[in-house]
Amino acid sequence: MARISKFFLKDLFIYAGYDAELTQKYDDGIDIILTQGREKIAIQAKRMDPYKNYDLVNKEVVNTLISGARRRGIEKTCIITTTFFSENAQKIAKQEKMELIDGKKLYYLIAKIRPELLAEAYFERLGYIKCPECRSGILKLKKNNKVQNSFPFIGCTNFPKCKHSMKIADYNLKYGKQNLDKA
Ligand SMILES: [Zn+2]
């Protein structure tokens, strides 16, 4: 799955049937403007480091979005993050009827709108790498038994239909050594 960014989210919303537009640069704390019919929603996408649990979205982010949306005359606001919101941020958002989508809700949304992306990401997490050429086979460690003392290499499970192959060193560089025992 592509890294979760404002570009990823924009595509996700287009998939869900919205008209989604990125704003120019950092514009009033608004990253994406969604339009569906006559309704507009101002969205701030806040990617946080999920490995630092103190990295919560704070109330400043909420306030910036509120004033930015007001300046543009947009009533509905929403912040999407990969982690969670601070208590103060949640309090203000509730008063302002702002929608907050935390990391858990975000993955739920992705699962609902693009389940194949999540399935693929999970699969890759397990260490199985899809063949980049035929996109249906899995990359596997192989050895040519017909040639004596041949070096092991990485090939596709769809061989001989798919002839994709790569050196182990290139595989490690691209997908990480830890995936090699699954190959
Ligand atoms: Zn293949």
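Strand 4 (residues 76-81) and strand 5 (residues 99-101) pair in the parallel sense over 3 bridges. Strands pair here when DSSP finds at least two bridges between them. Helices (H or I, at least four residues) and strands (E, at least two) are DSSP runs, numbered from the N terminus. This is a predicted model: local features need pLDDT of at least 70, side-chain atom pairs count only at pLDDT 80 or more, and totals for chains, interfaces and linings use all residues. Residues are numbered from 1 along each chain as its sequence is written.

**Parallel strands**
- Isoleucine 79 has leucine 100 of strand 5 as its bridge partner.
- Strand 4 also pairs with strand 3, again in the parallel sense, over 6 bridges.
- Lysine 76 of strand 4 stands opposite isoleucine 41.

**Asparagine 58**
- Asparagine 58 sits in the loop between strand 3 (39-46) and helix 2 (59-72).
- Asparagine 58 counts as partly exposed because it has 14 C-beta neighbours inside 10 Å. The scale runs from buried (20 or more other C-beta atoms within 10 Å) to exposed (12 or fewer), with partly exposed in between; C-beta atoms are placed from the backbone.
- Beyond neighbours within four places in sequence, asparagine 58 is in contact with Ser86, Asn88 and Ala89. Contact means C-beta atoms, placed from the backbone, within 7 Å.
- Aspartate 31 lies 27 residues from asparagine 58 in sequence and 17 Å away in space, C-alpha to C-alpha.

**Helix 4 and helix 5**
- Helix 4 (residues 103-113) packs with helix 5 (residues 115-125) at about 115 degrees, with the axes 5 Å apart. Axes are lines fitted to C-alpha atoms, for helices over the stretch in contact, and angles run from 0 to 180 degrees between N-to-C directions.
- The two helices are therefore roughly perpendicular (65 to 115 degrees).
- Helix 4 contributes Tyr107, Ile110 and Ala111 to the contact; helix 5 contributes Pro115, Leu117 and Leu118.

- An open sheet of 3 strands has the order 6-7-8, with antiparallel pairing.
- Strand 6 (139-142) and strand 8 (165-166) are at the edges with a single partner strand each, so one side of each has no neighbour in the sheet.
- Strand 7 (residues 153-156) and strand 8 are joined by 2 bridges.
- Glycine 155 faces serine 165 of strand 8.
- Helix 6 (residues 168-175) packs on the sheet and touches strand 6, strand 7 and strand 8. The direction of helix 6 makes about 70 degrees with that of strand 7.

Technical notes:
Angles under 35 degrees count as roughly parallel, over 145 as roughly antiparallel, 65 to 115 as roughly perpendicular and the rest as oblique. Two residues are in contact if their C-beta atoms, placed from the backbone, lie within 7 Å.
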